[in-house]
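Good morning, and thank you for coming.

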Amino acid sequence: MDRHIHRAQYLARRRREARRRKIIAASTVGILVVAVVGVFAFMNAGRGSEEQPATDVLPVGNEATQQQNSESKANAENIVMTLFGDKNTLVLKGEDYIESGCHAVDTTKNENISNIKVEGSVDTSKTGDYQIKYTATDSTGKKATCERKVSVVDSFDGGNAQAVPVCMYHYVYDETNKPDEVDNNWIEASLLEQEILWTKENNFYYPSYEELAAFVDGKKTLPMKSIIFTFDDGKPEFLQSGIPLFDKCEVPATSFVICSDADASEKVFGNPSKFVQYQSHSYAMHVAGSNVGRGGRIHACSYDEILDDQKQAAALTGNSQAYAYPFGDHNETAEKALQDAGVICAFTIENRAVKPGDDKMALPRVRINGSYSFEQFCALVS
């Protein structure tokens, strides 16, 4: 009897323990569910707190993308801009700032861009740095920009210039592709690069033609170390071997082009440069045609013919600030016609530096022969 009672008690105890285990298991599951739900709720809450700033940032991201697209448009690859003069322009405190401007071409359409906006101002009563911004817009609305730094200073390092060498070169060749005949008009590219770099390393200033004209008129002071590089005729060898050097060194230069040449347009638009500008070596005056001077045609032409010739040249280059007389031949008629065509500096082949008081329509240049040594060049322009 006692055995049956004990067994009944044992079975009852087992049933109670089984129910207790079920209750505990159910409670554990409930706790786990609550915990999991809590975790997900926490994670969602965390993501929500993180996503809210992301939503706020999104417009900024869109704005950044729009800005990048805008910058891409603002630097359209088909537009090349050329600053006139030194990209780091210097002005003595108290003197007028001369805006030298810039030029732009559309290389896809082979045309000059006349729509150039200039922004910024310079207070020459206060020393300091100023920024001038240029924006060129082509016929389709694409834009490109470039900037000029203008520094107003109390004085120039080394003092003030008494004369400015405008260097006259002609042709450039690479030693690996040397022409069959080389005379004093030719200079080897490595020597030219050495000369360019020397002026840059010695902090030479590269004035624009507007600044040079003002210097001649006594209205502008230039640094003692000032220089202008020019190359006559627009030979393909200069375009191929010379322009890359000036672009590499970031030094300004001028190519005086014979604009009636069959490939003149290809030269101007096929070799765009941020540092080399194209100016007139006449349209069709670089030929014989008179018994005066060196026999240049210009002596046999009327005022109207010379004026029209320069207008044709300017239509191609897009520029009319400077002019190199073919063979150096010039006369009063030519000077008047060029001045009326907008030329501000016309150059002969008189061999010396430009000085204040010179005739702006008959300025000299310093001839640089290819046979000159590097040391001779330094002595000539110092």
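This is a predicted model: local features need pLDDT of at least 70, side-chain atom pairs count only at pLDDT 80 or more; totals for chains, interfaces and linings use all residues.

Strand β12 and strand β13, residues 276-280, pair in the parallel sense over 5 bridges; two strands count as paired if DSSP finds at least two bridges between them.

Residues are numbered from 1 along each chain as its sequence is written, and side-chain values use heavy atoms, with hydrogens and water left out.

β12 also pairs with strand β11, residues 228-233, in the parallel sense, over 4 bridges. There, Thr230 has Thr254 of β12 as its bridge partner. Together with helix α6, residues 264-270, β12 and β13 make a right-handed β-α-β unit. Right-handed means that, with the strands pointing away from the viewer, the path from the first strand over the helix to the second runs clockwise.

Why is β12 described as largely enclosed by the rest of the structure? Because 5 of the 5 residues of this strand, residues 253-257, are buried. Buried means under 20% relative accessible area, exposed over 50%, and partly exposed in between, with a 1.4 Å probe and protein chains only. Ala253, Ser255 and Val257 point one way from β12, whereas Thr254 and Phe256 point the other way.

Of its 382 residues, 44% count as buried.

I turn now to the aromatic rings. The structure holds 13 aromatic pairs. Rings of Phe, Tyr and Trp (its six-membered ring) pair if their centres lie within 6.5 Å; planes under 30 degrees apart count as stacked, over 60 as edge-to-face and the rest as tilted. One of these pairs, Trp198 and Phe204, is tilted, at 5.4 Å centre to centre and 50° between the planes. Trp198 counts as buried because its relative accessibility is 17%; Phe204 is buried with a relative accessible area of 8%. Tyr323 and Tyr325 form an edge-to-face pair, 5.3 Å centre to centre with 70° between the planes, and both tyrosines are buried.

Finally, Tyr169, Phe229, Phe231, Phe238 and Phe246 form one aromatic cluster.

Definitions and conventions
Helices (H or I, at least four residues) and strands (E, at least two) are DSSP runs, numbered from the N terminus.
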